[in-house]
Amino acid sequence: MTDTISRPGKIIAIHLSYTSRADQRGRRPAAPSYFFKPASSVGVSGGTVERPAGTELLAFEGEIALVIGTPARRVRLEDAWEHVGWVTASNDLGLYDLRANDKGSNVRSKGGDGYTPLGPQLIDARTVDPAELRVRAWVNGDLRQDDTTAGLLFPLPQLVADLSQHFTLEPGDVILTGTPAGSSVIVPGDVVEIEVDAPQAPGAPSSGRLVTTVTQGEIPFDPDLGSLPAVDDLQRTEAWGSAEAAGLPAPDRPSSRHDAPRSGIAPERAEGLSPALRAKLLEAPTAGLSAQLRKRGHHACFVDGVSANLAGAKIVGTAKTLRFVPFREDLFAGHGGGYNAQKRAFDAVEEGEVIVIEARGDASTGTLGDILALRARTRGAAGVVTDGGVRDFDAVAEIGLPVFSQGAHPSVLGRRHVPWEVDVTIACGGAAVQPGDIIVGDGDGVIVIPPSLAEEVADAALAQEAEDAWIAAQVEAGHSVDGLFPLNAAWRARYEAAQDGGER
């Protein structure tokens, strides 16, 4: 590239310009709107771009870049293209974590070092028709964007003429002409390639592929200096390109997440699990609790097929749910990477919650490992229940987080599962689990208790435990179990008398 492109005087970018992107966003602007990017954001092919520490939504945008060849000031539409010297590829990278802070100016979200790689080759603008250019983008070799300037809301010459009404476009200035649908989130290790070409022009001139590799930053933003990164579901949806790609419910699709806060706390447990009730449930065994549930007509309360990674472990907490769906290549491409549902669940679990994972009973792959277990323990999670496997099994045990699973398996994510969604009703080990359900697990297994029954069954289970302890003492003293277990009328009278301080 020439020196003027490596250090342009101005970089002007347009917000929305392709019909495919505008339709994706649900709005079509009547006129183009713009923002500036600093010259220090320019990068070159083969370079790297950093995703800052503490952020999740770095997105690529393949674009056609126009490089001004001769000064343009108040030029007519029909003369505007004459002032464009070259055409090349660009990647208008943006960090959605910072987008809301600057209200459309994109100063911080789009202005990072290396956030405007250009090149690698220049196409002579005189040799191409601006209405017949094409832009394509690949991530790790997969084609993600493919559109032409026939799909523009505003023709390229119009952008040059419009901007020249307001200030002089000088040689070397760069205009980023917008991105089509297909822009999405990229993560450290991803390799993005952008190419602009004119397939219908003589010789099919091309910019070549502009290659950028994503790296992970280590230095967080200073909270004492300015606003910090923050994301919500709107930013996730727009960064990923759709609610589905972000692992969120479609706006028109009913979901329990519309009724419950993103924290995973369902309305029926808005007050949480009280310390007193938690203490009762810690004392009551799952065998006794499940017996009381059965007496009340609840026969499907068991999470079958799981056991504890820590001998003698007992977990009590409210459920935070995570659902995996069966592996499929295209679904994993959109949901498996980045800040996926699995990571969001472990990052957002609250103190005293149990992460419950639907893995469809598939023990042939891991559903969490030591890093996620460490994150859950640091967040104060009460434990994890999964009807799948656990990788890094020994390391997870050393961390001390109680995990009930089908056992160890060394595989990584992407063998059998796609992390799909959080805070929804799931099936785990044959049991239906809703966010906010009460989970109790011990050596006998794991059960699910509806919050509305928890106090009642806990009291009843503890009462039964006291009765069983008295019966055990009688058996140990030499009495036959006939009539004693369960108590007949005579033995019941003796038991009640003992509770009142009489016969023992």
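Analyst: This is a predicted model. Start with strand 26, which is covered on both faces. Gly445, Ile447 and Ile449 lie on one side, Val446 and Val448 on the other, and all are buried.

User: Why is strand 26 largely enclosed by the rest of the structure?
Analyst: Buried here means under 20% relative accessible area. Strand 26 spans residues 445-449. It is largely enclosed because the number of its residues that are buried is five of five.

User: How many residues does the hairpin between strand 25 and strand 26 run through?
Analyst: Strand 25, residues 438-442, pairs with strand 26 in the antiparallel sense over five bridges. Within this pair, Gly441 faces Val446. The hairpin joins the strands through two residues.

User: Which helix gives the most to the lining of the largest pocket?
Analyst: The largest pocket has a volume of about 870 Å³. Helix 4 (233-240), helix 8 (341-348) and helix 9 (370-379) each supply at least two lining residues. With six residues, the top contributor is helix 8.

User: How many charged residues are in the lining of the largest pocket?
Analyst: The lining comprises 38 residues. Nearest the pocket centre lie Tyr339, Lys343, Arg344, Asp347 and Leu372. By class, the lining has twelve nonpolar and eleven polar residues, and the charged residues number 15.

Note on methods: Residues numbered from 1 in each chain as written. Predicted model: local features only at pLDDT ≥ 70, side-chain atom pairs only at ≥ 80, totals over all residues. Heavy atoms only, no water. 1 Å grid on protein atoms, 1.4 Å probe; cavity = no way out; pocket = protein on both sides within 12 Å on 5 of 7 lines; lining within 4 Å. Points joined across faces, edges and corners; volume = space filled by probe spheres on them. Helix = DSSP H or I, 4+ residues; strand = E, 2+ residues; numbered from the N terminus. Nonpolar A, V, L, I, M, F, W, Y, C, P; charged D, E, K, R; others polar. Buried < 20%, exposed > 50% of the residue type's maximum accessible area, 1.4 Å probe, protein only. Pairing = 2+ DSSP bridges.
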